[in-house]
Amino acid sequence: MKFIRKIEENFEEWIMVGLLVGIAVVMIIQVFMRYLFKSPIMWAEEACKYMFVWTSFLSLGYCFRRDMLLKVDILYSKISSGIKKVVDFISTILTLVFLGALFIRSLTVVGQIAASGQLSPSLGLAMQYIYAASSVGFFLGLLRYIQFIVRRYILKSIQEKDRLDTTTN
């Protein structure tokens with residue numbers, strides 16, 4: 001159970017670390033091959049670009065999981081707490097709808113790319129695997145955002161209720 005929890009808590013992070021290490025290793029080998037042996041690896045830059053694309057999309061779920069999103073709160077900080085609750089609710093719904101729409105659209109795009117049979121130039125990799133990064137990233141973002149909502153609103157209110165119950169008894 002601890003192992004599954006560790007995977008759930010760190011899934012995106014572990015994959016992103018692996019991809020970033022992969023980028024570093026491939027680029028170091030590329031530099032050595034190019035400057036020491038005068039024989040560059042033709043697929044190195046393409047592979048690094050695709051690993052970076054996957055890292056970028058996986059970071060969406062990671063940022064939601066860690067609550068590390070960019071927030072512009074210049075107006076938000078000036079409104080009353082009652083209006084803040086309304087703004088939070090509307091923002092939550094819009095974010096869920098937006099992530100859901102992006103996920104659904106990304107599946108369509110991946111299907112179209114798969115149907116085209118397009119291959120990457122140097123690696124000869126089917127491009128649907130590269131475009132699948134968007135679907136995986138938006139799905140994980142949606143999943144992590146739902147987890148964030150549960151932690152922030154549902155579990156928080158249960159904990160507050162339990163705290164109130166223990167103080168009144």
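**Salt bridges and helix packing**

Trainee: What do the side chains of Asp67 and Arg152 meet in?

Mentor: Asp67 and Arg152 meet in a salt bridge, 3.7 Å from N to O (a side-chain nitrogen of Lys or Arg within 4 Å of a carboxyl oxygen of Asp or Glu). Asp67 sits in the loop between α2 and α3 and Arg152 in helix α4, so the pair ties together parts that are 85 residues apart in sequence. Helices here are DSSP runs of H or I, at least four residues, numbered from the N terminus.

Trainee: Before we go on, what kind of model is this?

Mentor: It's a predicted model, where local features need pLDDT of at least 70 and side-chain atom pairs count only at pLDDT 80 or more, while totals for chains, interfaces and linings use all residues. Residues are numbered from 1 along each chain as its sequence is written, and side-chain values use heavy atoms, leaving out hydrogens and water.

Trainee: Got it. Is Asp67 buried or partly exposed?

Mentor: Partly exposed, at 32% relative accessibility, and Arg152 is partly exposed too, at 36%. The cut-offs are under 20% relative accessible area for buried, over 50% for exposed and partly exposed in between, with a 1.4 Å probe and protein chains only.

Trainee: How many salt bridges are there by this rule?

Mentor: The count comes to 7. One of the others joins Arg144 and Glu12, at 2.8 Å from N to O. Arg144 lies in helix α4 (residues 127–168) and Glu12 in helix α1, so this pair ties together parts 132 residues apart in sequence.

Trainee: And is Arg144 buried or exposed?

Mentor: Buried, at 3% relative accessibility. Glu12 is buried as well, at 1%. Both belong to a network of salt bridges that links Glu8, Glu12, Arg65 and Arg144.

Trainee: What about Arg34 and Glu45, how far from N to O?

Mentor: Their salt bridge is 3.9 Å. Arg34 is in helix α1 and Glu45 in helix α2, so the pair ties together parts that are 11 residues apart in sequence. Arg34 counts as partly exposed, at 34% relative accessibility.

Trainee: Switching topic: at what angle do the axes of α1 and α2 cross?

Mentor: At roughly 160 degrees, with the axes of α1 (residues 2–36) and α2 (residues 44–66) coming within 9 Å. Helix α1 and helix α2 are therefore roughly antiparallel to each other.

Trainee: How far apart are Val17 and Thr55 in space?

Mentor: They are 8.5 Å apart, C-alpha to C-alpha, though 38 residues apart in sequence. Val17 lies in helix α1 and is partly exposed, with a relative accessible area of 47%.

Notes: Axes fitted to C-alpha atoms, helices over the stretch in contact; angles between N-to-C directions. Helix = DSSP H or I, 4+ residues; strand = E, 2+ residues; numbered from the N terminus. Parallel < 35°, antiparallel > 145°, perpendicular 65-115°, else oblique.
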